[in-house]
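Please open the model in a viewer and keep the selection tool at hand.

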Amino acid sequence: MKTSVDDIKATAKLLISSNDRKNYNSIVKLVGQYSHLQLAEEEQFAEQEPTARCLTVSLYQVFRKLFFRGQLNPSKATTDKERLFFQWCRKAYGSFKSKLLHCISSLPFESSLALDCLDVYMKLIEQEAIFFASQDGAPFFPNKTLKALIRALLESNIPSSIDATDGQSKSSVVQDFSERYYQKFVDIQYYFQAELVQLAADGDFDHWDNTQLMAKWLCIMNHDEHYCNENADLEVYVSQPPQAIENEGQYKSNLEKNWLQFLNLRGLPGTQYKTTLLILHKRVIPYFQTPTKLMDFLTDSYDLGDDVLSLLALNGLFELMRKFNLEYPNFYEKLYQLITPSLMHVRHRSRFLRLTDLFLSSTHISVNLVASFIKRLARLTLDSPPAAIVSVIPFVYNLIKKHPTCMIMLHDPDFVANPFADANELAQLKSRKAQYADPFDMSESNPENTHAIDSSLWELESLTSHYHPNVATLAKIFSQPFNKHSYNMEDFLDWSYDSLLQAEMSRKLKVLPALEFEERGAPFGDYVKLVEW
Amino acid sequence: MAGSQLKNLKNALKEQGFTGQTNVKGSKKVKRKAKEYDRDERTKAIARIREQFNPFDVKMNRDKRNAEAKKAVQPVGKPGISKQIGEEQRKQVYEAKRKSKNRLGGLLDRRFGENFKGLTEEEKMLERFTREKQSQASSRRSLFNLDDDEDAGDDDVYGEKLTHYGKSLSFQDDFQEDDLGLDEETGNKGSSKRIERQLDGEDDELPARKKTKAEVMKEVIAKSKFYKQERQKAQEKLEDEIQDVDDEFEDIMAELNQLPKTKKNDLDKSKELDKEYDTKVRELGLDRRAAPAERTKTEEEIEKENEEKRQKLEQARLDRMRGMFGEEEDQGVEDLGEDFWAGDDSENEEDLNDTDGSELEDVVLPDGDDDKPNGGKSKAVSVIPCPQTEDELKEFLQSYELKEHPNLVKEIIRTFQPRLAMGNKEKLGVFTGVLLRHILALSVSYGHSDLDLFSSVQNSLIAILRSMAQKYNEPLSEACREIISEIQERFKSERSHGLSVADLVFFTLVGYIFSTSDHYHLVVTPCNVLIGELLEQTKLNSFQNIFFCAVLARISLSYQQMGKRLVPELVYFFEKSLVTLLPLTSNEKSSSGLAYIIEDSEDLNAPQKLDHTAITSHNLNLRQAMSQDYVPNDQEKSALLCNILDSLEETISLVWKELSSFQELTLSFKRILAAFSQVYQDFEKPKMILEKIQKFERFHEHFPLSLQNHRPMSIPSHVPKYEENFNPDKKSYDPDRTRNEVNKMKAQLKKERKFTMKEIRKDTRFEARQQIETKKKDYADYHSKMARIFNQISTEEGMEKGKYEREKKLRNSKK
């Protein structure tokens with residue numbers, strides 16, 4: 001039997017206004033309305049949505065009234081009859097909650113009903129915290145209710161709700177939960193983590209799609225408003241939360257367990273992997289009880305061989321090395337291997353260079369190592385975009401400044417033509433030049449053995465004839481006295497074609513651009529050869 | 001000296017004999033005489049005493065340093081006296097100035113009402129205008145001058161007279177105006193002359209007879225009476241006439257206003273011939289004066305001139321290529337920093353608007369089939385708009401056949417030559433941009449039919465655009481920059497799907513029109529960046545894209561024909577495209593050491609067997625890039641491969657061979673080419689390129705750099721330097737003579753300046769003092785005058801009063 005919006009409103013009004021128990025049976029009738037909803041089909045559902053919405057809101061008001069009347073807490077009953085009645089009410093309330101959760105978890109498409117249900121459910125949690133406490137005003141948090149909600153959220157499965165670029169969930173319910181509740185309230189964060197540990201322990205994760213799970217987890221966790229973050233501006237959701245939520249250690253270990261649980265999920269796509277690595281060093285590691293537990297994950301990611309992933313893992317790894325004394329065998333060798341041709345063409349280049357700048361700033365590393373890095377980077381500039389070249393040139397400059405022994409790669413005094421040399425010396429110089437062969441081995445993976453220090457940076461010298469005037473001018477710093485202490489890398493790291501063009505276009509047309517005076521024949525065929533209309 | 005100042009003075013005076021007992025008996029007379037005789041001596045003595053007793057009148061600079069050289073006469077200054085002298089001099093100057101005030105120099109403003117504050121600006125103007133008109137009217141022969149004779153009026157009263165060098169061109173009335181005696185006076189004179197003549201004539205007939213003096217006198221009296229009467233009559237008559245005319249003036253005016261045209265027509269008929277003559281004269285006046293024709297130059301001379309011009313242009317191009325903008329130096333590396341990248345406009349300051357006369361010259365259109373559109377059409381074209389948007393141009397052109405478009409465009413440019421009307425220049429400027437966009441749009445929209453016609457039309461349109469670029473460089477450049485932004489936006493939002501043939505045509509046109517070898521160029525540099533972006537970021541996952549980039553590579557190569565600059569993106573594209581096209585499996589590729597080059601797609605291989613026709617002619621066809629779902633056949637694939645190889649070869653021999661990193665650049669290509677020559681055993685091209693690389697390598701000296709071979713820098717020394725033989729008198733130890741002198745001069749200048757300032761201040765102070773003094777004097781004069789007057793009045797009053805009293809007394813006593 002379906003009921004119209006007006007009927008629902010009328011019934012609800014009746015229930016709210018009077019305490020007459022005869023009417024209470026209509027509560028069950030109203031709750032029963034949910035079973036008429038066609039949750040599977042989007043079109044049919046669209047028709048029912050206003051009714052369902054009205055139903056949800058009305059029922060919330062009814063139960064709120066019941067909360068105030070104290071009819072939902074059987075332990076407060078004074079007589080047996082009343083207890084029976086209260087228990088009946090509680091049962092109806094329970095079924096209402098389960099209907100709400102059902103709406104959240106089983107709607108296979110985006111709808112505002114799910115959001116309404118979420119809101120109403122969260123309000124019910126607030127009410128429960130007040131009225132289900134053992135005594136009036138006693139601290140209480142309805143963690144079981146929250147657990148049910150978490151389960152429903154994780155269970156909801158809306159296809160194509162995963163962002164293709166970063167692998168986060170775009171499901172509005174999850175996003176809403178994250179933004180409006182999780183990121184704002186400290187008690188919800190605490191109990192969310194605690195209950196999630198329980199859920200995982202129950203083995204519920206096995207039933208759900210790993211990718212979806214991870215997507216939702218990332219969506220909820222990818223922000224800065226965390227429990228332990230000192231800068232976060234968090235509030236308490238329920239009026240009287242228990243003392244337990246101040247247990248930071250517990251929270252951290254719960255969070256840690258959850259993260260590891262999620263990281264252990266199998267078959268996750270690369271995008272989620274990347275997103276995780278991207279946020280790891282800033283939004284995850286600081287909140288861990290024992291961040292070293294991430295060591296395996298990071299080293300595995302680093303060893304994986306995928307350039308981008310290794311690059312991203314580097315940041316987290318560095319964080320661990322810095323703060324927790326993590327030792328990584330052959331770190332520099334690994335780092336050296338990260339300098340691949342594709343490095344120059346990916347966006348994370350600046351991240352890599354920033355970190356490498358830090359790693360190579362130690363004065364206790366061998367010249368061979370530094371020279372290998374310089375030479376390899378220089379070699380790669382030959383086919384890289386101007387933005388990459390622009391970041392490499394000051395990088396190399398700073399390195400040479402810091403490790404002056406590497407200057408021999410720019411200036412080998414043995415090969416300077418001395419204008420006052422006699423014939424003998426000239427002949428020697430000539431033979432030296434003729435006999436010279438570049439010893440650098442690009443394919444060598446160990447930076448100590450590349451012989452880069454005996455090579456020279458012809459690549460950077462060639463860049464002085466780069467087509468972009470600014471790059472060409474920048475490349476000239478290697479042939480000028482090294483007077484500058486160092487270049488500020490931040491000025492050079494984040495250039496792109498976009499910003500380069502932007503800079504060009506913002507120039508005003510002060511001078512008339514020069515025209516070509518030479519006759520060139522036909523544009524296609526003569527000017528641009530081997531191409532025709 | 002002991003005693004008080006006064007005592008001393010008395011003593012001194014006494015010593016000199018000025019005071020004390022002067023009337024000593026006995027020697028009285030003698031002494032007096034001597035004193036009178038020595039008056040000069042006496043004044044000198046008094047001055048000496050005065051000086052002695054006023055120590056402040058003398059100023060001495062005590063020289064502490066040369067205490068031993070005391071004997072030398074020390075200069076003594078007399079500030080009081082010098083001050084007085086100065087004062088006197090000033091006074092003289094001031095007096096002189098005051099005397100000449102309002103008498104010498106200056107301009108007298110005689111403009112009406114200039115110094116009269118009672119008039120508003122408007123009234124002033126009005127008054128001036130009236131005055132000017134009046135003065136003009138009085139100088140000119142007035143329209144309605146009554147004494148104007150009728151004959152003179154035959155040239156049009158209303159029309160303008162023709163003049164030549166200020167003289168009238170109407171030859172009939174060549175008589176002088178005063179011949180007729182126009183004015184009253186002259187009129188009278190004339191008549192009196194006539195009368196005289198008459199009288200004389202009468203006398204002539206009679207035998208000459210001596211007149212008595214009385215007779216003569218009588219005659220004279222009679223004559224003068226007669227003349228007087230005559231004059232009076234004439235005067236009366238004239239006055240009457242004037243009165244009449246004044247009365248009827250309005251009527252006459254009304255009639256005159258109605259009539260003029262008919263009168264003019266009458267005159268026209270009579271003056272038909274004259275008019276013809278007049279026009280002739282005018283034409284002759286307008287004719288340009290004959291000038292000697294320029295000497296016809298011999299062919300060699302013309303050639304030489306052209307050669308020189310080309311050399312100059314080439315030199316300018318080379319300068320730009322090396323990055324020298326006018327006088328300004330290339331930006332040093334020291335300036336590199338945050339602001340280096342942020343669109344720094346400060347460099348190259350040439351003036352944009354070097355507008356000179358040549359601006360108005362029209363565009364020299366490229367000749368070719370310059371025949372006008374056939375008769376009927378050209379009439380229809382007579383009303384040509386100047387399209388200001390692409391749609392307008394399209395609308396205008398769509399009713400004509402494609403092959404006529406270039407001529408129509410030329411017609412537009414010809415019609416809107418800047419010298420023909422104002423605003424044409426701006427219009428044509430906009431039109432240049434429109435034409436560019438039209439060419440681009442046309443290149444996308446043509447079908448496969450009649451390629452020859454299409455390409456010839458496009459080529460001639462482009463030729464027109466190129467010649468337009470000479471004059472309308474700025475609007476064209478602006479349009480180009482807009483298009484660059486558009487292409488970039490499209491590529492950003494739609495990646496390779498946003499690109500089209502028009503973009504290729506655009507890049508080609510930029511290179512075709514602008515000088516691509518410049519170190520920095522406002523249009524070409526952004527184009528280069530954009531081409532780089534397209535080459536680097538276009539995913540080579542379809543033949544379409546490879547094809548597009550291959551053409552782009554060709555264009556980029558054409559850009560670097562002169563500048564020979566390294567384009568790293570080109571290296572990237574060659575590597576990637578060649579490996580993609582290499583018909584090997586990925587395993588085979590990695591075994592030949594090419595694994596590090598990442599392909600975007602693995603199934604875009606060139607055919608296993610190359611097409612032979614493609615090897616010989618591998619032109620890329622822009623049409624191929626047009627359709628998105630285009631699947632190339634084997635021949636086209638082979639052509640694409642050959643074309644890319646060809647580009648690679650050209651790049652190697654054009655740009656790379658001159659770079660110090662030639663070996664590093666060719667490293668991967670050696671592998672790729674080796675792989676190609678293995679796959680295609682009978683394909684010569686890869687082997688040829690390999691040989692070429694090896695040849696260049698043999699000539700290429702590869703040895704370590706020595707970039708830091710700078711001149712040794714001197715280290716500044718901070719040890720204090722002691723001067724031997726220090727002399728405090730010597731003001732400067734500067735060994736540089738000129739600098740020394742300059743410093744000297746500067747010090748002198750400073751001193752002089754200070755002195756002059758002081759003098760000027762003194763002058764002004766003096767002047768102020770004088771002014772106050774004169775003012776005070778004026779006031780005093782005034783007051784004394786007034787007092788005198790009052791005195792006088794009161795004296796008179798008192799006198800009168802006394803009189804009155806006396807009179808009263810008298811009368812009383814009489815009673």
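Begin by selecting chain A, in which 55% of the 533 residues count as buried. The coordinates belong to a predicted model. Coloured by secondary structure, chain A shows 22 helices and 1 strand. Of its contacts with a separation of 6 or more, 76% are between residues 24 or more positions apart.

**Two stops in chain A**

Select helix H5 of chain A, residues 112-131, and pick out Asp119(A) within it. With a relative accessibility of 16%, Asp119(A) falls under the 20% cut-off and is therefore classed as buried. Display the side chain of Arg180(A) as well: a polar contact of 3.2 Å joins it to the side chain of Asp119(A). Beyond the neighbours within four places in sequence, the residues in contact with Asp119(A) are Asp176(A), Arg180(A) and Tyr181(A).

Proceed to the loop that runs between helix H18 (423-435) and helix H19 (458-462) of chain A, where His451(A) is located. Most residues other than glycine have a negative phi. His451(A), by contrast, has a positive phi, near 60 degrees. Its relative accessible area is 43%, and His451(A) is partly exposed.

**Chain B in outline**

Now select chain B, which comprises 27 helices and 5 strands. Of its 815 residues, 30% count as buried. Residues 24 or more positions apart supply 68% of the chain B contacts with a separation of 6 or more.

In the loop between helix H3 (39-53) and strand S1 (59-60) of chain B, select Phe56(B). Is Phe56(B) buried or exposed? The relative accessibility is 71%, above the 50% limit, so Phe56(B) counts as exposed.

**Two loops of chain B**

Move to Ser517(B), in the loop between helix H18 (501-513) and helix H19 (524-537) of chain B. Ser517(B) is buried, at 1% relative accessibility. Which side chain does it meet in a polar contact of 2.7 Å? The partner is Arg317(B). Leaving out neighbours within four places in sequence, the contacts of Ser517(B) include Met321(B), Met562(B), Gly563(B) and Arg565(B).

Next, select Lys564(B) in the loop between helix H20 (543-563) and helix H21 (568-581) of chain B. Lys564(B) is not a glycine, yet its phi is positive, at about 55 degrees. A relative accessible area of 29% makes Lys564(B) partly exposed.

**Salt bridges**

Over all chains, the structure holds 34 salt bridges. For one of them, display Glu486(B) and Arg437(B), whose side chains meet at 3.0 Å, N to O. This pair links distant parts of the chain, with Glu486(B) in helix H17 (residues 473-494) and Arg437(B) in helix H15 (residues 424-445), 49 residues apart. Glu486(B) is partly exposed, at 36% relative accessibility.

Then display Arg554(B) and Asp646(B), a salt bridge in which the closest N and O atoms are 3.1 Å apart. Arg554(B) belongs to helix H20 and Asp646(B) to helix H24 (residues 634-654), so this pair ties together parts of chain B that are 92 residues apart in sequence. Both Arg554(B) and Asp646(B) are buried.

Another salt bridge joins Arg811(B) to Glu807(B), with the closest N and O atoms 3.8 Å apart. Both residues lie in helix H27 (residues 737-814) of chain B, 4 residues apart, about one turn of the helix. Arg811(B) is exposed, at 54% relative accessibility, while Glu807(B) is partly exposed, at 39%. Finally, select Arg554(B), Asp646(B), Glu649(B), Glu650(B), Lys685(B) and Lys692(B) together: salt bridges that share partners join them into one network.

**Where the chains meet**

Display both chains for the last stop. The contact involves 107 residues of chain B and 85 residues of chain A. About 9,200 Å² is buried between the two chains, 61% of it on carbon and sulfur atoms. There are 2 salt bridges between chain B and chain A; one of them pairs Asp498(A) with Lys492(B), at 3.0 Å between the closest N and O atoms. Across the interface, 27 residue pairs are in polar contact. On the chain B side, the residues that touch chain A divide into 43 nonpolar, 36 polar and 28 charged.

Technical notes:
Residues are numbered from 1 along each chain as its sequence is written. Chains are lettered from A and ligands numbered from 1 in the order in which they are written. This is a predicted model: local features need pLDDT of at least 70, side-chain atom pairs count only at pLDDT 80 or more; totals for chains, interfaces and linings use all residues. Side-chain values use heavy atoms; hydrogens and water are left out. Contact means heavy atoms within 4.5 Å. Buried area is the accessible area (1.4 Å probe) that two parts lose on being put together, summed over both. A salt bridge is a side-chain nitrogen of Lys or Arg within 4 Å of a carboxyl oxygen of Asp or Glu. A polar contact is a pair of N or O atoms within 3.5 Å; within protein, one must be able to donate a hydrogen and the other to accept it, and residues adjacent in sequence count only if both atoms are side-chain atoms. Ala, Val, Leu, Ile, Met, Phe, Trp, Tyr, Cys and Pro count as nonpolar, Asp, Glu, Lys and Arg as charged, and the others, Gly among them, as polar. Buried means under 20% relative accessible area, exposed over 50%, partly exposed in between (1.4 Å probe, protein chains only).
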